[in-house]
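Student: Hi! I have a new structure open and I'd like a guided tour. Could you help me find my way around?

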Amino acid sequence: MAASAGVSLQTVSRVVNGSSAVSESTREKVSQVINTLGYRPNLAVRTLAVGQSRALGIFITGDVDFGMSSAFRAVEHAAREQNYYLCVATASDPSRYGVALGQLADQRVAGYIVLAH
């Protein structure tokens, strides 16, 4: 990809990671190659490299009713706008809260959102 854009691997990395240390013309050139090749970053590798993902853990207690699903959609939309994705865990029984939160922690989420009844 870097060779196709005529730039270094570091420049491609800067563009992919949203660094401001790249000129607009270079950013456009690299972005065009990214789109042409259909490149998608490997989130698992990124998580290993930085020790944290671009994921937010969303923990939902109780049943997912209309109000809760509306809140969930709003959170998901806001996360996507900031280039995050969601890992979801649910638990209706308080004795299972620790297990659900542990599963989110195993995903190395960057933060938690709790939707509780």
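**A tour in questions**

Student: Let's start with one residue. Where is T11 found?
Tutor: T11 is found in helix 2. Keep in mind that this is a predicted model.

Student: Is T11 buried or exposed?
Tutor: T11 counts as buried, because its relative accessibility is 16% and the cut-off for buried is under 20%.

Student: And which residues does T11 touch, leaving out those up to four places away in sequence?
Tutor: With those left out, T11 touches V22 and T26.

Student: Okay, zooming out. How many helices and strands does the protein chain have?
Tutor: The protein chain has six helices and three strands. Reading from the N terminus, the elements go α-α-α-α-β-α-β-α-β.

Student: What about its overall dimensions?
Tutor: The C-alpha trace of the protein chain spans about 55 × 30 × 25 Å along its principal axes. Its radius of gyration is 18 Å, while a compact globule of 117 residues would have one near 13 Å.

Student: How much of the protein chain counts as buried?
Tutor: Of its 117 residues, 29% count as buried. The protein chain exposes about 7600 Å², and carbon and sulfur atoms supply 52% of that area.

Student: Let's do a strand now. Where is the place of L86?
Tutor: L86 sits in strand 2, which covers residues 85-91. L86 is buried, because its relative accessible area is 18% and buried means under 20%.

Student: Which residues does L86 touch, again leaving out those up to four places away?
Tutor: L86 touches L56, I58, F72, V75, E76 and A79. There is also a distance to note: the C-alpha atoms of L86 and G111 are separated by 10.0 Å, and these two residues are 25 apart along the chain.

Student: Switching to pockets. What volume does the largest pocket have?
Tutor: The largest pocket has a volume of about 540 Å³. It is lined by 14 residues, and V16, P41, L43, R46 and N83 lie nearest its centre. The lining divides into seven nonpolar, four polar and three charged residues.

Student: And the second largest pocket?
Tutor: The second largest pocket has a volume of about 210 Å³. Of the 14 residues that line it, S13, V16, N17, Y39 and R46 are the closest to its centre. Its lining has ten nonpolar residues, three polar and one charged.

Student: What about R108, where is its place?
Tutor: R108 is in the loop between helix 6 (97-106) and strand 3 (111-115). R108 has a positive phi of about 55 degrees and is not a glycine.

Student: Why does R108 count as partly exposed?
Tutor: R108 counts as partly exposed because its relative accessibility is 48%, and partly exposed lies between under 20% for buried and over 50% for exposed.

Definitions and conventions. Residues numbered from 1 in each chain as written. Predicted model: local features only at pLDDT ≥ 70, side-chain atom pairs only at ≥ 80, totals over all residues. Heavy atoms only, no water. 1 Å grid on protein atoms, 1.4 Å probe; cavity = no way out; pocket = protein on both sides within 12 Å on 5 of 7 lines; lining within 4 Å. Points joined across faces, edges and corners; volume = space filled by probe spheres on them. Nonpolar A, V, L, I, M, F, W, Y, C, P; charged D, E, K, R; others polar. Helix = DSSP H or I, 4+ residues; strand = E, 2+ residues; numbered from the N terminus. Buried < 20%, exposed > 50% of the residue type's maximum accessible area, 1.4 Å probe, protein only. Contact = heavy atoms within 4.5 Å. Rg over C-alpha atoms; globule rule 2.2 N^0.38 Å. Areas by Shrake-Rupley, 256 points an atom, 1.4 Å probe, with all protein chains shown as cover.
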